[in-house]
Amino acid sequence: MIQAIGLTSNPRKELPPAVDDVSFEAHAGRVTALLGAPGAGKTTALRLMLELQQGRGITYFRGRPLHRIAHPSREVGVLLGEVPGHPARTVRGHLRMLCAAAGVPARRADEVLEVVGLVSLRDERLDTLSRGMDRRLGLACVLLADPHTLVLDDPAEGLSARECRWLYGMLRAHATQGGTVLLTTADPKAAARTADRVVTLEQGRLVADLDAADFSRTRLRPRVAVRTPHASRLAALLTKEARTAQRSIEVVRESGNCLSVYGSTCADVGETAFRHGILVHQLADEIGDMGPGVERDPSIELRSDQVRQTPNGKLVAAHGGHGHAGITPSAPDDGVTPAGDRPAAPEAPPTPDGDPVTAAGQEASAEAPQAPTGEPRPADALPDDRPPSQAAGSRAATSALDVLPDLPPPISVRPAPSPLRPLRYELRRAAGVGTGFLTGAAVLVVSALTAVLLARIGHTPQPRLLVAWPQELPLPPAALGAGLLGAIAFGDEFRHPALAADRGTVPRRLGLLAAKLLVASATALVLAFLTVGCNAEVLYLVYGRELAEVPTDWLSLSASWIGLVVGCAWAGVLAAGLFRSTTAGLAAVVAVPIVVVPLVQKALEGPSVRTAAGFPLRLREVLLSQWPFGGERYLAAVARVIAQPVGGALTLSLAALLCAYLLTTLRSRVR
């Protein structure tokens, strides 16, 4: 179960907090709806519960706050807004990447794809999915790690009635198996039909926390929906008769020829229209919101082809029609909940002739059975004049399409994380899209062209020609490319919080940081070697062997080159994770030669009593014994690299970024 206690967001400048002291519970085995108009604070409340936003209060998931859960993704499945992921990633690749992040087997992706009906679209890119398929993929992401609790922010937004039934059916099935489901919605009728408990927010404050039956009785407002070409005349007659009978009703003129009559019944409105000869195209009891002006749900209206005439001349609803918009368990649009979990629709008072007006499947007054002209009706509203066998076959096919598949089977995962889990996730994240490959190709092309131009102009040393590093640029193309790839390593996580390793807008787990640094190092090394090789080959083809020869001091130059490229990649990774921005990560890479190097040079050139001259020789003397395979040479080369201004500046920058990252990590854990 979920226990939210005192949720309060940080106050904005001169405005009250978006959520102010909200407390509620969502029990296991039940669906809880967080209801509120847009801007009421529903999303903010969820973000506070998931510790994605700063504020006060605490939320317990089965007795533990989220930061005390070792693997939150296996306890809480979250879907906030759109499906988190790169638009160029495939459906199956996206799920397999999340499997690596959650530490579950890769075959789990195929299982949930089959459950949500996306097997045929597994190779499609995320940006090609429709709204309904996007919601299905979102539910697959939520169910991937077999969580006990589901937290979804307005999951049915923009879906058709059929897709909503499927989605709510899956959520109901999860709750039936003992799970906890918390969802937000702005539709009171949807909350009453699909949830067991409704928590209502208004302007960030809790105003009601009721069972669905009590919510329908006290918070929803029954009304009669009327469509007639004589709307003004009928409204005036209804108001006049209510005033004469000293009854309190409210007649609201909607768009077109529609009326919403509050405080009356279908029987009274139908009799008034019949006595005065007013043609009525639609007459239906509805459960609206707490006031007029709410858009009606066409799937729950009483249509004119579903009425019949009684012997006394009145028109009543035929059995099996959609006569009521409440939460009756037998309503065709409410196929997501067992009948025992839904409250019965209240009975309307009897008419003067003694005929009671009840919900769908019972009698309700209406006007002449004439369909509205010029308006196409849905297929299920057309009269069924087919043979009984064909009609029964069609209904069977339709019901077969609405049958919900079983939920994915439960899985057991080792409690201790595998050391390769973050590495597997990072490899799939980096290789799942073409950004890295395109960046590498662009770096190779730019580097080769720059090397050719520098050789043509002249006055450029050969080591700089091989790496295509002009004197006018702070960094060569390969170093900038490695820094860019490092900076986008955290891109998916801080843009899509659900992708973060277990929790948080930026992953703070040191295992994932180590995996990102390792993958960034490997990428930078490959880019460095390919750049030098391509430049040497292009220079040989254009100008001959002279410019492609290996320098005599290749060892120290190679160490410097590798240290520069890998250091830029690490700087991009650490800065992007620290500042939560790809742009900040790339800016930190460029700032090293532009800002930090001059400061280091100025510090080294200042007056000093002692210098570090001869540091490599003294280091070799300290080591005494000879290293196998000439290892002391490599150590001396690394020492010379660090002693250079650029190497020293890059080392200082990396140390500062790493310390800042670790400090924020410890601070977030303490908080």
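## Surroundings of Leu-137

In this predicted model, in which local features need pLDDT of at least 70, side-chain atom pairs count only at pLDDT 80 or more, and totals for chains, interfaces and linings use all residues, Leu-137 is in contact (heavy atoms within 4.5 Å) with Val-83, Val-91, Leu-95, Leu-118, Leu-126 and Leu-129, leaving aside its neighbours within four places in sequence. Residues are numbered from 1 along each chain as its sequence is written, and side-chain values use heavy atoms, with hydrogens and water left out.

## Nonpolar cores

Leu-137 and Leu-95 are also among the residues with the most contacts inside the largest nonpolar core, together with Leu-171, Val-181 and Leu-183, and this core has 54 residues. A nonpolar core is here a set of buried Ala, Val, Leu, Ile, Met, Phe, Trp, Tyr and Cys residues joined through side-chain atoms within 4.5 Å, where buried means under 20% relative accessible area, exposed over 50% and partly exposed in between, with a 1.4 Å probe and protein chains only. Among the elements that give two or more residues to this core are helix 3 (91–102), helix 5 (131–143), helix 6 (161–176) and strand 8 (180–185); helices (H or I, at least four residues) and strands (E, at least two) are DSSP runs, numbered from the N terminus. Helix 3 provides the largest share of the core, eight residues.

Apart from this core lies another, of 34 residues, which include Ala-489, Trp-561, Val-573 and Leu-650.

## Helix 15 against helix 18

The axes of helix 15 (residues 477–487) and helix 18 (residues 554–579) come within 7 Å and cross at roughly 30°, the axes being lines fitted to C-alpha atoms over the stretch in contact, with angles running from 0 to 180 degrees between N-to-C directions. Helix 15 is therefore roughly parallel to helix 18, a description that applies to angles under 35 degrees.

On the helix 15 side the contact is made by residues including Ala-482, Gly-483 and Gly-486, and on the helix 18 side by residues including Trp-561, Cys-568 and Gly-572.

## Two loop residues with positive phi

Arg-62, in the loop between strand 4 (55–61) and strand 5 (64–65), has a phi near 55°, a positive value in a residue other than glycine, and it is partly exposed, with a relative accessible area of 46%. Asp-154, placed in the loop between strand 7 and helix 6, likewise has a positive phi, near 50°, and counts as partly exposed at 23% relative accessibility.

Note on methods: Angles under 35 degrees count as roughly parallel, over 145 as roughly antiparallel, 65 to 115 as roughly perpendicular and the rest as oblique.
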